[in-house]
Amino acid sequence: LIMAYMGDTIYEQYIREYLIKQGISKIGELQKKSLDYVSAKSQRYHLERLMDKHFLTEEELEIVKWGRNAKGARSKHADIVSYRLATGIEALLGKLYFQRNVERIKEIMEFIVGEES
């Protein structure tokens with residue numbers, strides 16, 4: 001859960017920066033648009049896209065599973081499956097951050113926002 005805690009920050013910062021760069025200048029609109037990415041349901045959707053497209057390595061998938069299965073992961077605002085999968089993608093981003101693999105974080109986040117090359 002520590003990796004997911006860090007990964008949540010990385011994920012949200014990337015999305016906020018992405019939306020601001022899109023020219024959205026009203027806070028309410030930024031918050032509304034961010035839900036397309038940062039809610040547990042949205043993160044589950046984006047993780048499933050990453051998996052369906054075989055974008056993640058076997059090692060990365062293992063980290064996602066490890067994060068998904070972490071004890072104590074609960075939410076009042078999302079179904080348990082979505083919340084656990086969201087925790088998995090956050091754990092992956094946190095682990096990559098501590099490995100100083102900024103380039104891979106960027107690749108994953110660009111895929112999520114639809115800017116993959």
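## Orientation of helix 1 and helix 6

In this predicted model, helix 1 and helix 6 are oblique to each other. Their axes cross at roughly 55 degrees and come within 11 Å. The crossing of helix 1 and helix 6 is right-handed.

## Residues at the crossing

On the helix 1 side, the residues in contact are I10, Y11, Y14 and I15. Their partners in helix 6 are I105, K106, M109, E110 and I112. I10, Y11 and I15 are also among the buried residues of helix 1.

## Extent and faces of helix 1

Helix 1 runs over residues 2–21, 20 residues in total. The distance from its first C-alpha to its last is 29 Å, close to the expected 28 Å. After helix 1 comes G23, which has a positive phi, near 95 degrees.

The buried residues of helix 1 are M3, A4, G7, I10, Y11, I15, Y18 and L19. Viewed down the axis of helix 1, these fall within an arc of 160 degrees, so they line one face of the helix. The face turned away from the buried side carries the exposed residues I2, Y5, R16 and I20.

## Other packing partners

Helix 6 (102–112) is one of the helices against which the buried residues of helix 1 pack. Helix 2 (27–38), helix 3 (40–52), helix 4 (58–68) and helix 5 (80–98) are also packed against by these buried residues.

Methods
Residues are numbered from 1 along each chain as its sequence is written. This is a predicted model: local features need pLDDT of at least 70, side-chain atom pairs count only at pLDDT 80 or more; totals for chains, interfaces and linings use all residues. Side-chain values use heavy atoms; hydrogens and water are left out. Helices (H or I, at least four residues) and strands (E, at least two) are DSSP runs, numbered from the N terminus. The expected span of a helix is 1.5 Å times one less than its number of residues. Buried means under 20% relative accessible area, exposed over 50%, partly exposed in between (1.4 Å probe, protein chains only). The arc is that of the directions from the helix axis to the C-beta atoms. Contact means heavy atoms within 4.5 Å. Axes are lines fitted to C-alpha atoms, for helices over the stretch in contact, and angles run from 0 to 180 degrees between N-to-C directions. Angles under 35 degrees count as roughly parallel, over 145 as roughly antiparallel, 65 to 115 as roughly perpendicular and the rest as oblique. A crossing is left-handed if the near helix is turned anticlockwise from the far one by less than a right angle, and right-handed if clockwise.
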